[in-house]
Number of protein chains: 2
Amino acid sequence: MLTNRQIRLQSRPKGLCAPGDFQLTESPLPELQEGQALAKVKYLSMDPTMRVWMAVDSYLPAVAIGDVMRSGGLAEVIESRNALFKKGDKIVGLTGLQEYVLIEPQSKYPFQKVPSIPFVSDTLFLGALGMTGLTAYFGMTEIAKPQKGETLVVSAAAGATGSVAGQIGKIFGCRVVGIAGTDEKCKWLTDELGFDAAVNYKHPDWKEKLAAATPNGVDIDFENVGGEVMDVVLNRMNLHGRVALCGLISGYTNEAAGPTNLGLIIVKRLKVEGFLILDYGARFTEAAMELGKWKMMGKLKDRQTIVEGLEKAPEAINMLFTGGNTGKLLVKV
Amino acid sequence: MLTNRQIRLQSRPKGLCAPGDFQLTESPLPELQEGQALAKVKYLSMDPTMRVWMAVDSYLPAVAIGDVMRSGGLAEVIESRNALFKKGDKIVGLTGLQEYVLIEPQSKYPFQKVPSIPFVSDTLFLGALGMTGLTAYFGMTEIAKPQKGETLVVSAAAGATGSVAGQIGKIFGCRVVGIAGTDEKCKWLTDELGFDAAVNYKHPDWKEKLAAATPNGVDIDFENVGGEVMDVVLNRMNLHGRVALCGLISGYTNEAAGPTNLGLIIVKRLKVEGFLILDYGARFTEAAMELGKWKMMGKLKDRQTIVEGLEKAPEAINMLFTGGNTGKLLVKV
């Protein structure tokens, strides 16, 4: 009989996740019922939205205290009593922070099989071709609607979503400027991903550098951060600019500090629009194929930061808020 | 030779306007040059945006220290060397806080002649048919785009703009709920203006009352206030709701305190759009005629709060932030 190791939410974190907020439990896996399948989790997707799930009801209910922490993941089917899944199938979906995931015959968020494509690694379906890439895709094409020649600024630009959003901006002919927290990340954005400029917000003169990098102002803010970073970007916005509001991660681990200059939304007649990937379920395949095409054409590059060990997942989540990852952050189980 | 009394900005207010922030000066009026006209100011329009003009460059430059304070007003031409204006003409425009206004032949914001319409008082062109009414009109028709059966919430609903916005919501078939700061204002909104409900935000249980008044949630927030009031309204918004961001007056006289729950823009996929009346100059006549039609049909009611005396203007401005006015606030010169 197999034993499942699971990470359960023990208490709602204050600020960053602390060791006592999670508990690693072990329990035997039950025998499969008709219609169920069992998969071994290979990689877990670490996403800022997990910090929201720990805290409050939002677009999904908060994870209950004592439950296995919700997360995305990539798993391989090892046993199946469900005709849809066979042994060896790779799947992505809400695995949760655990070693094995039991696939139920009916689920609100069903697992998706990972297609086998030459030169495309399975884990790309957790990143550039997965939820974070799809978030960037719909945020850019449905909310930001970039026009050739416009200036796009992306915050948390070296993250999994930001890095894809910026590259989509380049594909649409924008001047793209990234904001990130280390010089190395900035160099990656300009030298490898083709951003026109990147600014390290930890440098004291970064506001001046952002201004210099956006000589024609900013038409689109693909906003992942909020707080002071968003304040600075709003100051650079052109009249009638658009803000695609994807995340506000600066406020997920502490009391939200800003943006404080919301009056600029009026003065500059901005349109600020929030969006969630959940609304585009019917178009995931279409979007993944478009992203895959760009990937194969060399227009969409990606990087992964991989942390080893299920038990490291809580610490890995913190890296999303302290700038520890470049590109997609994964935990290898 | 006539003497002009003028209120000049002496220092940029901290918080509410203090007596030392303005100076009343007297100076003789110059002789008219060819192309100029002179008008006697009858009424001054008191608007929250004046507090912004005192403080910072925004959509208009900040008023310079020592300059006559900018404001709208209604004036009567008393002398003219300009063929467009003749003695006795009533005009509205940026008169400034003074007894007489010199009309220059060329101006970026030209004065408009007030049409003479039966049963319509001239001062209505400072209110429901003037800038505040037009702001409500374009905010509702171009930004909020109300649909029959939707629920609209208006903050500062008993103010000059809010009261018109709510009535437009009724004309478009919405359920309209106002937020105001006294029971008398709330009673005016429901009993005279036809709002479906009104909630006094100074009552401790106002959040519950707002919830009860919006049983189907809120589709449109016509937002004039910001801060905690907006926080509460955002909590009631439906998925894919719209916020027409007209003003954030709670932050004009003190450090902006919220809204703090901007994450709801993402969770609820809201669209928040700022707008300014300046963008609709070419359509002012069309809009004023539409508003005038509603006025004549009895669908658009208004009220004025009138303060007597030019020297009272700075105190009057404060009333906009302390809840001292119902409907349009005017200073009779």
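Chain A and chain B bury about 2000 Å² between them, 69% of it on carbon and sulfur atoms. Buried area here is the accessible area (1.4 Å probe) that two parts lose on being put together, summed over both. On the chain A side, Leu262(A), Ile266(A) and Arg269(A) lose the most area to chain B, together 30% of what that side buries.

Quick ground rules. This is a predicted model, where local features need pLDDT of at least 70, side-chain atom pairs count only at pLDDT 80 or more, and totals for chains, interfaces and linings use all residues. Residues are numbered from 1 along each chain as its sequence is written, chains are lettered from A and ligands numbered from 1 in the order in which they are written, and side-chain values use heavy atoms, with hydrogens and water left out.

Now contacts, meaning heavy atoms within 4.5 Å. 26 residues of chain A touch 26 residues of chain B. 100% of the interface residues of chain A are also interface residues in chain B, so the copies meet through the same surface.

Next, charges. There are two salt bridges between the chains. The cut-off: a side-chain nitrogen of Lys or Arg within 4 Å of a carboxyl oxygen of Asp or Glu. Arg269(B) and Asp279(A) form a salt bridge at 2.7 Å, N to O.

What pairs with strand 13 of chain A? Strand 13 (residues 271-274) of chain B does, antiparallel, over three bridges. Strands are DSSP runs (E, at least two residues), numbered from the N terminus. Pairing takes at least two DSSP bridges. Val272(A) stands opposite Val272(B).

Methods
Helices (H or I, at least four residues) and strands (E, at least two) are DSSP runs, numbered from the N terminus.
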